[in-house]
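Subject: Structure handover and notes

Dear colleague,

I am passing on a structure that you have not worked with before, and my notes on it follow below. Please keep the sequence and the model open beside this message while you read.

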2 protein chains.
Amino acid sequence: MHPLLTPLSASLPATVPFVGPEAQERARARPFAARLGANECGFGPSPLAIAGMQRAAGDVWMYGDPEMHDLRAALAAHHGVTPAHIIIGEGIDGLLGNLVRLTMVPGDTAVTSDGAYPTFGFHVAGFGGRLVKVPYHGDHEDPGALLDAAARNPAKLLYLANPDNPMGSHHPAATVEALVAALPAGALLVLDEAYIDLAPPGTAPTIAADNPQVIRLRTFSKAHGLAGLRVGYAIAAPPLVAAFDRVRNHFGVGRMAQAGALAALHDADWLAEVTRRVAEGRARIAGIAADAGLVALPSATNFVTLETGKDGLFARALLQALLERDIFVRMPGVVPLDRCIRVSVGPPEALDIFEAALRDAVRAASGG
Amino acid sequence: MHPLLTPLSASLPATVPFVGPEAQERARARPFAARLGANECGFGPSPLAIAGMQRAAGDVWMYGDPEMHDLRAALAAHHGVTPAHIIIGEGIDGLLGNLVRLTMVPGDTAVTSDGAYPTFGFHVAGFGGRLVKVPYHGDHEDPGALLDAAARNPAKLLYLANPDNPMGSHHPAATVEALVAALPAGALLVLDEAYIDLAPPGTAPTIAADNPQVIRLRTFSKAHGLAGLRVGYAIAAPPLVAAFDRVRNHFGVGRMAQAGALAALHDADWLAEVTRRVAEGRARIAGIAADAGLVALPSATNFVTLETGKDGLFARALLQALLERDIFVRMPGVVPLDRCIRVSVGPPEALDIFEAALRDAVRAASGG
């Protein structure tokens, strides 16, 4: 332990939210044949975004605009809000870190679901916050339980991902709108909509852009296929958006990232095409799963969570058997979600590899 | 003010460390003809880095390796240390933010020079720290005064940029080595070496890689011409490096950024070529300045600070006159440094524009 760390820093665990597939490949000394574990978009980014990044490559000697004017303006127009409602950051992860920093002091409480996105908890812990977790209800995050916990503690932040990761479930807009209406005073809803582009129509709630109790998080990492560029954004009331300027890394979203995201945003055709291919891929994964005796849970995302019908030990063995067959997938970390494995939709070639391996992997996990 | 902000967040000023040239262009409703204000590398990144980024563009659907294994290994080899001595972040700015977070609690003190890199102070303030500033001495940061202030307060962090920004001056290695030897117990030297690639031989000090009292900051933004990618790194003792993992945005340096930086690092020829062009450009700026009655201060960086021989009012008027002539330059912010303007080395075409305008701008600033 370094002697100059603050007591809080020194107390933090060394565990990280996710181990990347590259670290697993290094440990195995063998690359994966199918990369289906990080909910990336294997269909790739928009050709216009690729071209935009390639054009921008020669210009990266210039810092990006720290006000991110053009991208903010485009996002504002896209969402029917003003640029003062938009803050862009280094992925949703980066925005979550700054949000927790802006709103929580050590001892403050945040509420989330047990098994939901771990990076939120990483940041809450990182700023000394207390994380209260409520169980999922029927593979859905449970708005009622989240509200109860937020009121009881009370909580500064209430995290809800809709659609949900890792279960792929979603709530209709009306459920989220009811949650917003019932928020305790003093609580901010952190609405993680990373997967919203891939959800059924009617999933995105209507929320007044000036509502001071909600921040909606979006990303270019999923449907837009730009995970490796690191661009997320939030829609929130202007006073909250303005507060990010007091703490953020002002040049953190660089010229290349802004160029790629802006081009992707303008390619609605590619987004529609990806959405179509993701829907196809979900159906195919469900079929592959059924052939192997697993059940695909309904998904509003670019991944499918597969119910093994057994327990966490079995699912972990299945995950391991797939990894040994060079297939990178992940699984939920907590009971009872951990009876499942989580498979990202990928292009047909990747799903071919998954299909060829799954039955054998199930057999291996069953000790057969 | 948003009601959910912490008292610290609510108390922070809305001012930002730098206003980008793009914001100035929007305010002027006219683009700059010569971009010479942000110490960017107008010679561009290495052709190998451009090609590497263009190749990576199609792969950015994948998150970058959060352990940044390949780039860390290459940097470690480059510096003769181990990967455990290297932490990579979203520019030096991003690393400074996490460093302050890891080491300072509200009320702790950091020491810097009055007029030195403002983003360090931005982060110190952002985490509730107290910033003690000591004057420059003869256009150099003053190691003795910094040490005195660090011992007196006492300080957790002592910031020194070598070479210095905004004055372009530098201390020889021995001076920095003496400072390291004299550090008070409990103080960490934050040695910002953003410009070190462009400094004379003998500027980089020898510091034991395991010294727990030093963190050296480097960047791909200056000599490597990748400012718009956002890749900086630090060399420090492994326990301090490991601490960053407890708080950082683990996927924050994305696949594109890692690809570009790795390719740039391997192109030593381009770095040598840029170094040569920067030296030529410094000499040319000095000549242009002399023709206009200004004096170029010696520079160990990719910019030249020009002594007007007058006061801050004059320098500000000169800056304004240059901006009106479509030339983006900056100037130091505090007395007595603010008698100068700061001109980044750019390619010949940009310096042509500067040359064509400077005498006229000096005349205008003189009220003539």
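The notes below go from domains to chain contacts, then to the sheets, the core and some backbone details.

Please bear in mind throughout that this is a predicted model.

Domains of chain A

The domain assignment divides chain A into domain 1, made of 7–44 + 271–365, and domain 2, which covers 47–268. The C-alpha centres of these two domains of chain A lie 24 Å apart, and their contact takes 27 residues from domain 1 and 31 residues from domain 2. On the side of domain 1 of chain A that touches domain 2, the elements giving two or more residues are α11 (268–291) and β10 (303–307) of chain A, and α11(A) gives the most, with 5 residues.

Contact between the chains

Between the chains, 72 residues of chain B are in contact with 72 residues of chain A. On the side of chain B that touches chain A, two or more residues come from each of α2, α3 (47–56), α5 (91–103), α9 (238–244) and α10 (255–265) of chain B, and the largest share, 6 residues, belongs to α5(B). The residues on this side of chain B comprise 36 nonpolar, 22 polar and 14 charged.

The sheet of seven strands in chain B

Chain B holds an open sheet of 7 strands in the order β2-β8-β7-β6-β5-β3-β4, and its pairing is mixed. The edge strands of this sheet are β2 (86–89) and β4 (130–134) of chain B, each of which pairs on one side only, while neighbouring strands are turned by 20° against each other on average, direction ignored. Within the sheet, β5(B) and β6 (residues 188–192) of chain B run parallel and are joined by 5 bridges, with Leu158(B) standing opposite Leu189(B) in β6(B).

The nonpolar core

Which residues touch the most other members of the largest nonpolar core? They are Leu158(A) and Leu158(B), in a core of 246 residues. If residues up to four places away in sequence are left out, Leu158(A) touches Val111(A), Leu146(A), Ala150(A), Ala187(A), Leu189(A) and Val190(A). As general background, nonpolar side chains tend to be buried together in soluble globular proteins.

The sheet of three strands

A further open sheet in chain B has 3 strands in the order β9-β10-β12, with antiparallel pairing. Because β9 (295–296) and β12 (340–344) of chain B stand at the edges with a single partner strand each, one side of each is left without a neighbour in the sheet. Strand β10 (residues 303–307) of chain B is joined to β12(B) by 5 bridges, and Phe303(B) stands opposite Ser344(B) in β12(B).

In chain A, β10(A) and β12(A) likewise pair in the antiparallel sense over 5 bridges, with Leu306(A) opposite Ile341(A) in β12(A). Strand β12 of chain A is mostly covered, since 5 of its 5 residues are buried. Cys340(A), Arg342(A) and Ser344(A) point one way from β12(A), whereas Ile341(A) and Val343(A) point the other way, and all are buried.

Backbone details

Two cis peptide bonds in chain B deserve a look. One joins Asn165(B) and Pro166(B), with omega about 25°, and Pro166(B) has its place in the loop between β5 (157–161) and α8 (173–181) of chain B. Another joins Val335(B) and Pro336(B), with omega about 0°, and Pro336(B) is found in the loop between β11 (327–328) and β12 of chain B.

There are also positive phi values to note. Asp326(A), although it is not a glycine, has a positive phi of about 70°, and its place is in the loop between α12 (312–324) and β11 (327–328) of chain A. Asp326(A), by contrast, counts as partly exposed, because it has 16 C-beta neighbours inside 10 Å.

With kind regards

How values were computed
Residues are numbered from 1 along each chain as its sequence is written. Chains are lettered from A and ligands numbered from 1 in the order in which they are written. This is a predicted model: local features need pLDDT of at least 70, side-chain atom pairs count only at pLDDT 80 or more; totals for chains, interfaces and linings use all residues. Domain bounds come from an automatic or database domain assignment. Two residues are in contact if their C-beta atoms, placed from the backbone, lie within 7 Å. Helices (H or I, at least four residues) and strands (E, at least two) are DSSP runs, numbered from the N terminus. A nonpolar core is a set of buried Ala, Val, Leu, Ile, Met, Phe, Trp, Tyr and Cys residues joined through C-beta atoms within 7 Å. A residue is buried if 20 or more other C-beta atoms lie within 10 Å of its own, exposed if 12 or fewer, and partly exposed in between; C-beta atoms are placed from the backbone. Two strands pair if DSSP finds at least two bridges between them. Axes are lines fitted to C-alpha atoms, for helices over the stretch in contact, and angles run from 0 to 180 degrees between N-to-C directions. Ala, Val, Leu, Ile, Met, Phe, Trp, Tyr, Cys and Pro count as nonpolar, Asp, Glu, Lys and Arg as charged, and the others, Gly among them, as polar.
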